[in-house]
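Biologist: I am new to this structure and would like to learn how to read it. Please show it and go through its features one at a time.

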Amino acid sequence: MAPAGRLLALLARPQSPSRAGAMAQPSCFALELPGGGLAHFAVGPAGTEGPAAPPDPRAAALLGPPGRSYALCVPVAPGRDCAARVRAARLLQRLFLQLRRGPLGRCQLRRLLRYGPGGGAGGLQRGVLLRDPDDSPDTRRALLALLDSCLEAPRPSLGEFVGDESHQLWQRPWELRGGREWRQVDPERVVPAPEPALHPVVPDLPSSGVFPHREAARAVLEACTPFMPEARAVLELVDQCPRQVLRGAFPVIVIEGLDATGKTTVTQAVADALQAALLKSPPACISQWRQAFDDEPAIIRRAFYSLGNYIVASEIAQASARSPVVVDRYWHSTAAYAIATEVSGAVQHLPPAHHPVYQWPKDLLRPDLVVLLTVSPEERLRRIRGRGLERTSEEEELEANSVFRQKVEVSYTRMESPGCHEVDASPSRERVLQAVLSLIRDRCPQLP
Ligand SMILES: Nc1ncnc2c1ncn2[C@@H]1O[C@H](COP(=O)(O)OP(=O)(O)O)[C@@H](O)[C@H]1O
Ligand SMILES: Nc1ccn([C@@H]2O[C@H](COP(=O)(O)OP(=O)(O)O)[C@@H](O)[C@H]2O)c(=O)n1
């Protein structure tokens, strides 16, 4: 079997003059597998160089017969501006909702990314692999009708996977001819692709979820103002916050951790013990709009939480002139949840330690100490159940999906300047409080 790299090189050769322009570059896919694995494969024009190798057997089982699979993808950044990104993200969210209805509702969905073999942020597409276990013609009809309903740019792309008698896999893209009629164009071979050094979504994160400065997040909400009055309201509050905040002399301590690790309990107790001001991110002044942003695609939701941190920074600056400040969640929450959600696959697919995505934004007020509370998954679950409150869907996902929980935890521990100081929050409330207070006394010499 030829190595995957050589197969990719073979695929990269233009084949037929009519389609050479469109097909000069193969396209790679990263398919999320059950349990958090990722399978990479490429599609390219059929050549004469020999048989294509079968892709990763786990991917082959999801792509090939019996049943039929479709790749539905939307470019992440179809234009250079933020408005185009926001439109594309909302389109994908709408498609996901529609895929759960009607005849498409019985299909299985898996997260899929499409990217150029060279990596880089350009050319990235997000989408879904839709598997119809019954291979019903209704599925195809419903998908084409769905594409017909997407009249505005960007238009999603649709490809259908088929196997042949020699167990080779092919992808047949659908194209709209003459603006009216859907046709399947030349089949493209499916071959394995090497795992890229960096997860394909990572170069795009600074524009889509882990915004490295205030302006990057601001631009996203600015693009939302035509359809979200809440976005204008948040921007007005952010714009009242000075860009250069001057903090006071008292220490600023942030408490981080997954839901139900004890942040609320610890922040209140620490605030009482140190007579500190207690703040939280997102701050109370924007919390009435939180649900509206939580219902929007990730890029919009993350921009909201990012800007919330800048508003809290302004509150921290003022409060730290008068007393120590304790903050319940801050930037590390925003970044860790964003990285864990956006990077498909498992912990090993996260960007490596010291990657720029783990760096504190240069224009955001830095705390003196960040404490990360950790408890075992079992204890966390006991606390969640004991609390019995309504939970956000992201928290439900965390509970259900231990791979996601691990990705959030590892992302937390990779955050830098400042990094997190981990405290085991499994012991009694009193012992956890004493552990956190002793860490604060060690690390914050300015404490009176
Ligand atoms: N050290 C502890 N031991 C036992 N239960 C705790 C401890 N700390 C917090 N809890 C309980 O666990 C639940 C979650 O704690 P909470 O402070 O609300 O977490 P978070 O703010 O991180 O979501 C609450 O019911 C709380 O009373
Ligand atoms: N500073 C923050 C705070 C929360 N968040 C988001 O909000 C969710 C958790 O907030 P929460 O208030 O429900 O959690 P708890 O404080 O109840 O544990 C996470 O899913 C994060 O995505 C954020 O991104 N940035």
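Modeller: Start with a term: a residue is near a molecule or strand if its C-beta atom, placed from the backbone, lies within 6 Å of it. This is a predicted model, in which local features need pLDDT of at least 70 and side-chain atom pairs count only at pLDDT 80 or more, while totals for chains, interfaces and linings use all residues. Residues are numbered from 1 along each chain as its sequence is written, and chains are lettered from A and ligands numbered from 1 in the order in which they are written.

Biologist: Which residues are the closest around ligand 1?

Modeller: The shell of ligand 1 holds 15 residues, and G262, K263, T264, T265 and R383 are the closest. Residues can also be sorted by class: Ala, Val, Leu, Ile, Met, Phe, Trp, Tyr, Cys and Pro count as nonpolar, Asp, Glu, Lys and Arg as charged, and the others, Gly among them, as polar. Sorted this way, the shell around ligand 1 has seven polar, five charged and three nonpolar residues.

Biologist: Which helices supply at least two residues of that shell each?

Modeller: Helices (H or I, at least four residues) and strands (E, at least two) are DSSP runs, numbered from the N terminus. In this numbering, α9 (263-274), α13 (377-387) and α16 each supply at least two residues to the shell around ligand 1. The protein chain has 16 helices and 14 strands in total.

Biologist: How do I read a sheet, and what is the strand order in the open sheet of five strands?

Modeller: Two strands pair if DSSP finds at least two bridges between them. The open sheet runs β11-β12-β10-β13-β14, with parallel pairing. At its edges stand β11 (277-280) and β14 (421-424), each with a single partner strand, so one side of each has no neighbour in the sheet. From one strand to the next, the twist averages 25 degrees.

Biologist: How many bridges join β10 to β12, and how many join β10 to β13?

Modeller: β10 is joined to β12 by four bridges and to β13 by five. V252 stands opposite V325 in β12, and G257 has L373 as its bridge partner in β13. Further along, four bridges join β13 (residues 369-374) to β14, where H421 is the bridge partner of V371.

Biologist: Is β10 enclosed or open to the outside?

Modeller: A residue is buried if 20 or more other C-beta atoms lie within 10 Å of its own, exposed if 12 or fewer, and partly exposed in between, with C-beta atoms placed from the backbone. Six of the six residues of β10 are buried, so the rest of the structure largely encloses this strand. In a regular strand the side chains alternate between the two faces of the sheet. For β10, V252, V254 and E256 are buried on one side, and I253, I255 and G257 on the other. In the protein chain, 42% of the 448 residues count as buried.

Biologist: Which helix lies across β10, β11 and β12?

Modeller: Contact comes first: two residues are in contact if their C-beta atoms, placed from the backbone, lie within 7 Å. Helix α11 (residues 298-319) lies across β10 (252-257), β11 and β12 (325-328), at about 175 degrees to β11. Helix α16 (residues 429-443) also packs on the sheet and touches β10, β13 and β14, its direction making about 155 degrees with that of β14.

Biologist: Into which domains is the protein chain divided?

Modeller: Domain bounds come from an automatic or database domain assignment. Here they give domain 1 (26-200) and domain 2 (203-443), whose C-alpha centres lie 34 Å apart. Between them, 22 residues of domain 1 are in contact with 18 residues of domain 2. On the domain 1 side, β1 (27-32), α4 (82-99) and β4 (108-115) each give two or more residues, and α4 gives the most, with eight. That side divides into 12 nonpolar, six polar and four charged residues.

Biologist: Where is R110, and is it buried or partly exposed?

Modeller: R110 is in strand β4 and counts as partly exposed, with 18 other C-beta atoms within 10 Å. Leaving aside neighbours within four places in sequence, the contacts of R110 are L31, E32, L62, V128 and L129.

Methods. Axes are lines fitted to C-alpha atoms, for helices over the stretch in contact, and angles run from 0 to 180 degrees between N-to-C directions.
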